[in-house]
Amino acid sequence: MIRHSSARMKGLRWKSILKWVIPGLFVALLIYLGTSPLSMPGADEHVGSIADKYASEVGAGQRPPFINTDKGDLLLFVFAVGGAVAGFWLGYNWRDLFAKPYREDEPGVEPKDESEDSHLLRNGGA
Amino acid sequence: MEKGEDVMHIAEGLLPAPYAIAYSVGAAIFVGAGAKSLARKSREIPMMKQLTGVMTAGVFLVSLLPIPVPITGTCSHPGGTPLAAILLGPWVNALVSMVALLFQALFFAHGGLTTLGANTLTMGVFGGFVGWLLFKGMRMLKMSLFWSGLVAGLIGDISIYLGTSAQLALAIHGNHPLSEVFLAIFGAFLPTQAPLAVLEGLFTGIALKYIADHRPDILIQLRVLGEGPQPKTESGEGAK
């Protein structure tokens with residue numbers, strides 16, 4: 001019993017440490033990336049240039065998209081709007097689905113069997 | 001942002017027409033089956049449509065998000081489809097991926113309409129089916145929910161890029177040996193994608209564990225967890 005609660009305390013201590021360490025590491029990484037001279041291009045810029053070389057030999061090759069939003073800062077704006085809309089949609093529905101506690105009377109959830117034991121427990125064992 | 005910087009799926013025009021059509025037909029079969037599966041599951045599971053919406057938004061966001069990999073000095077994105085396939089089933093996941101990729105192709109200069117079928121096949125079908133099969137296999141071997149999700153997410157992510165490399169190599173190898181083009185493309189993806197695959201694996205495992213801790217009944221309804229004594233406490237002791 002004592003060993004069990006001591007392990008539980010240790011687990012909680014680790015959790016509270018990680019709660020600060022993970023955001024701290026994330027902020028440190030952002031500061032490093034923001035101040036380093038790395039340009040961080042997309043991996044497909046590299047892959048695209050390789051694929052484009054072979055594609056041009058068979059008469060294909062990258063071309064601008066049908067609706068080209070890659071004009072100045074327009075793409076940044078579209079990314080911000082798209083990210084915000086999808087993020088709010090995701091967050092709102094995630095909370096609705098997963099954050100509310102489990103209810104037995106929820107539509108589609110089969111109610112538990114009313115066994116004699118549960119009936120007795122509910123009535124204080126009488 | 002310069003041209004090509006954000007093109008993380010197969011870009012518009014990169015595939016010759018016969019291959020673009022063939023990949024689109026292949027993807028359409030899976031998307032059609034996904035629509036049928038969604039209609040059937042929506043009748044059985046009340047929250048199925050809402051969950052499909054959530055996963056579509058999730059796949060859209062995750063596969064649009066450039067994550068920097070400082071080791072290689074480049075950035076790329078996870079797929080998100082292994083988790084979607086585990087929760088919704090691999091067929092519905094193909095439909096989810098197609099919708100997410102369509103929006104990206106139309107408004108985000110990300111992928112393309114002629115390559116929509118090819119990108120749906122890789123992200124939705126390869127990534128989804130590989131992740132789902134691995135998850136089921138790991139669960140049959142009595143692995144915990146977290147570790148099953150981790151392996152499914154990790155290998156599922158890598159399989160997306162294996163699929164992309166194979167598709168491109170088949171379509172554009174021309175007079176070059178198929179293996180040469182495949183290795184050149186996959187070799188360019190791998191250094192950036194491998195750390196992100198680990199991240200995707202962790203994300204998949206943690207997300208499944210979170211849901212099992214908070215709403216195990218949802219996982220039972222989706223048949224991710226078998227019916228039994230698993231849903232027990234907030235700590236998820238029963239839902240291993």
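Contact here means heavy atoms within 4.5 Å. All the views below come from a predicted model, in which local features need pLDDT of at least 70, side-chain atom pairs count only at pLDDT 80 or more, and totals for chains, interfaces and linings use all residues. Residues are numbered from 1 along each chain as its sequence is written, chains are lettered from A and ligands numbered from 1 in the order in which they are written, and side-chain values use heavy atoms, with hydrogens and water left out.

**View 1. Where chain A meets chain B.** On the chain A side, 51 residues are in contact with 59 residues of chain B. About 4900 Å² is buried between the two chains, and carbon and sulfur atoms give 70% of that; buried area is the accessible area (1.4 Å probe) that two parts lose on being put together, summed over both. Nine residue pairs, both residues at pLDDT 80 or more, are in polar contact between chain A and chain B. That term takes a pair of N or O atoms within 3.5 Å; within protein, one must be able to donate a hydrogen and the other to accept it, and residues adjacent in sequence count only if both atoms are side-chain atoms. As for salt bridges between chain A and chain B, the count is zero. A salt bridge is a side-chain nitrogen of Lys or Arg within 4 Å of a carboxyl oxygen of Asp or Glu.

**View 2. The side of chain A that touches chain B.** Helices α1 (2-35), α2 (43-57) and α3 of chain A each supply at least two residues here. The most comes from α3(A), with 15 residues. Helices are DSSP runs (H or I, at least four residues), numbered from the N terminus. Sorted by class, this side has 32 nonpolar, ten polar and nine charged residues. Ala, Val, Leu, Ile, Met, Phe, Trp, Tyr, Cys and Pro count as nonpolar, Asp, Glu, Lys and Arg as charged, and the others, Gly among them, as polar.

**View 3. B:Arg40 and B:Glu44 in helix α1 of chain B.** These side chains meet in a salt bridge at 3.6 Å, N to O. Both lie in the helix, four residues apart, or about one turn. B:Arg40 is partly exposed at 39% relative accessible area, and B:Glu44 is partly exposed too, at 40%. Together with B:Arg223, they are linked in a network of salt bridges.

View 4. B:Lys209 is partly exposed at 30%, whereas B:Asp213 is buried at 15%. B:Asp217 forms a salt bridge with B:Arg215, at 2.8 Å between the closest N and O atoms. Here B:Asp217 is buried at 7% relative accessibility, and B:Arg215 is buried at 0%. Over all chains, the whole structure has four salt bridges.

Notes:
Buried means under 20% relative accessible area, exposed over 50%, partly exposed in between (1.4 Å probe, protein chains only).
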